[in-house]
Amino acid sequence: MAKEVFYSGCAAAAYGAKFSRVEVISSYPIRPYTGIMMELSKLVANGDLDAEFVHGEGEHAQVSIAYGASAAGARAYTGSSGVGVTYAMECYSPAAGGRLPCQMAIADRALDPPGDFGSEHTDVMSARDQGWIMGWAETPQEVFDNTIMYYRIGEDPRVMLPQFCCQDGYFVSHIPGKVILPDQKAVDEYLPPYNNPHPLDPTRPVSHGPQIFPDQGPAIDLQRAQAFLDTPKVIAEAVKDFNKQFGRKYSPFVEEYMTDDADIAFFIMGGHARTARFAVNHLRKKGVKAGMVKLRFVRPWPTEAVAEALSKFKAVGTIETSTSYGGAMRGGNLIHEVRASLYDLPKRPAVTSFMAGLGGEVVTLNEFYEMAKILTEAAKSGKVKKGVYWLGFEPD
Amino acid sequence: MSDFKFKIPKHLEVPMGAVIPAPVKENPGMITGNWRTERPVIDHEACTLCLNCFIFCPDACWHLDEKTEKMMWNARYCKGCMICVNECPADCLTPQNELDFPKGVVRLDKPF
Amino acid sequence: MAEVKQVTIWARGVTQDMEGRHLSLLVANSADKDGKFVQAWDDYADLPDRVGVPLRKYARISEEEIEMRYEYENKQPNVVIVMDDTIIKGMDILHGMPKGGVLVVNSKRSADDLLKFIPNKELLSSITVVDASGIAADVAVDFMGSEGGVEVAAVGKGISAPLAGAASKATGLLKLESVVAVAANKEGVKQGAEAAKVKKL
């Protein structure tokens, strides 16, 4: 029987891994993702989960253990936050290029200096070009569901890629919310066992990651590129099946809220989408035709879905909770991809970006109202005054 | 080229690179006196000035005042661990509840 | 937007970490039972805790869905519960409290004794004192529920039970029978409510 519980995002991720029947777990502590490993170690120690729990001596070791386990044919789970995510950077490309699906739970944390526990997406966004599937959850429920869905997507023979299953630190990872835990049998039906076609096996020796000549490089790169071309189809199937199996209503790539007749829209991912919904409700009451588009996958970037969703608005503001210092728009990352997605459309909305929630700062309703004001102006004039607004820190 | 300059409210300002002066003797930014429920009370008559409390205090909250030849206690940083009480060979230190002392309030807006 | 009642709990680091969290859970779970929208969570910046450091645990209760869920702190607590009376000397426990707030303290001392340490007592409409440590036995601390983990120990076994009972009597925000229903130490909740001395100010 499905059962309703009150779990934080950390606990939800751990239970997502448990229901996915992970076989190898590698840990190393860093806030705020620590709670996930605390929970899993409890489950393993109590005999509720039959998995090998390995302590890495650092995040680099953690990810090496995870993709090593995947190479041996085990479903592997690891995770990190903040500088832990960047410390493991070297290991991301070998895992993706080796086509070794494993899952890394991320509870975002701002990078140093100085030490800050707050949530900012910059940590794992720095690894977005390494060939991992990547996306954010808005609620503990979505964390739980994504954990299972990502394994199904990543382990699909057409994909075979590792996954970053991300949630905002504190906002999602530490504040409990309602989570429906399904039947294990239902999950087993949805998620078949992991099948590595060429596992490390002494009776059938294989060598992983040999040295190649430079002219062989493109072919290896193209394999990964091809996998990413094929992934969206797999995501669409996996999400559709998930909705059917568990009675959810996830859109595969972008979720729209009150967008049917909207003039302006917030483009957002992660936990702050929750506040954006309330902001949209209040703005509607004031007569502002606002809507929200929530991004569910950053990699693969859903170009067509983003273009389709955003083309109907007059003005769009991306809410950037990560930094791209010196980037084209001088602010965050999302706007680059959003503008590129819209460039070839005959009619496209005015697009600007808002730097908000940096270092774990709360994005308040008032900040959303301020964004709406700027977007309404842009909708009227048909163009934006500039590409980035640093909310609260703009000169007069 | 841009002339854009951020406007950072005074209360949110941070020094360049977050480099701050290091505390030399005391750190007024990290007062820990409100961690304690009890404080060590000294009986100066019984004290032999053996300096055990000075040696064992993990937070350097005991020192010998050379003028008065008395051991002095630092209320602002003592966390009330009572190691000094445990280590005093002359039994001249006794723990006493913090609310028995109306004075010496260490009141902060936020804990550390 | 409906008003959100904010409950802030002050506890001592490590030794009261679990009971503090349990108290915030008792507040939220009992209000949840009464059909309210609730939230219970630990202060993010106070953790990881160290022995004796003042800690904050929070609960929010509302008639409608809580929109301010992500705010790190209860900036305007309507109810403050102090699990160790010496904290009132070390912290501005009423910081941000709107006028007419309620204070509940675990203490063997009298309300007047305690009020001497509260310079901003004009914010209070009442102070309630209960000797919760005298009613409930000390419970061994475990850290299973910290950092977003799932609580393993039964919620409300130790001093959180009588304090929740006292809070129910002092505030009228929580129904006593609902608190009794969600707490492990049901007798403790009732005894706490009985023993609590409410002083109107």
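Which side chains meet in a salt bridge at 2.8 Å, N to O, with B:Glu98 as one partner?

*Solution.* The partner of B:Glu98 is C:Lys89, and their side chains meet in a salt bridge at 2.8 Å, N to O. A salt bridge here is a side-chain nitrogen of Lys or Arg within 4 Å of a carboxyl oxygen of Asp or Glu.

Before going on, please note that this is a predicted model, in which local features need pLDDT of at least 70, side-chain atom pairs count only at pLDDT 80 or more, and totals for chains, interfaces and linings use all residues. Residues are numbered from 1 along each chain as its sequence is written, chains are lettered from A and ligands numbered from 1 in the order in which they are written, and side-chain values use heavy atoms, with hydrogens and water left out.

**Exercise 1.** Describe the interface of chain C and chain B.

*Solution.* 
- Step 1: start with contacts (heavy atoms within 4.5 Å). Chain C brings 24 residues that touch 22 residues of chain B.
- Step 2: turn to buried area, the accessible area (1.4 Å probe) that two parts lose on being put together, summed over both. For chain C and chain B this is about 1900 Å², with 55% of it on carbon and sulfur atoms.
- Step 3: find the main contributors. C:Lys89, C:Arg109 and C:Phe117 give 33% of the area that chain C buries against chain B, more than any other three residues.
- Step 4: look for salt bridges. The rule finds two across this interface.

**Exercise 2.** Work through the interface of chain A and chain C, and find what A:Arg31 and A:Arg274 do there.

*Solution.* 
- Step 1: 33 residues of chain A are in contact with 24 residues of chain C.
- Step 2: the two chains bury about 2500 Å² between them, and carbon and sulfur atoms give 57% of that. On the chain A side, A:Arg31, A:Tyr170 and A:Arg274 lose the most area to chain C, together 26% of what that side buries.
- Step 3: two salt bridges are counted between chain A and chain C. A:Arg274 pairs with C:Glu65, with the closest N and O atoms 3.6 Å apart.
- Step 4: A:Arg31 pairs with C:Glu147, with the closest N and O atoms 2.7 Å apart. C:Glu147 sits in the loop between helix H4 (132-135) and helix H5 (160-171) of chain C, and A:Arg31 in the loop between strand S2 (24-27) and helix H2 (34-45) of chain A, so the pair joins two chains. Helices (H or I, at least four residues) and strands (E, at least two) are DSSP runs, numbered from the N terminus.

**Exercise 3.** Where does the second largest pocket lie, and what lines it?

*Solution.* 
- Step 1: know the terms. On a 1 Å grid over the protein atoms alone, a cavity is a set of points where a 1.4 Å probe fits but cannot get out, and a pocket is an open set with protein on both sides within 12 Å along at least five of seven lines; lining residues have an atom within 4 Å of a point.
- Step 2: the second largest pocket holds about 890 Å³ of space, where a volume is the space filled by probe spheres set on the points, which are joined across faces, edges and corners.
- Step 3: of its 31 lining residues, A:Thr139, A:Gln141, A:Lys178, A:Arg274 and C:Glu65 lie nearest its centre.
- Step 4: domain 1 and domain 2 of chain A both give residues to the lining, so the pocket lies between them.

Conventions:
Domains from an automatic or database assignment.
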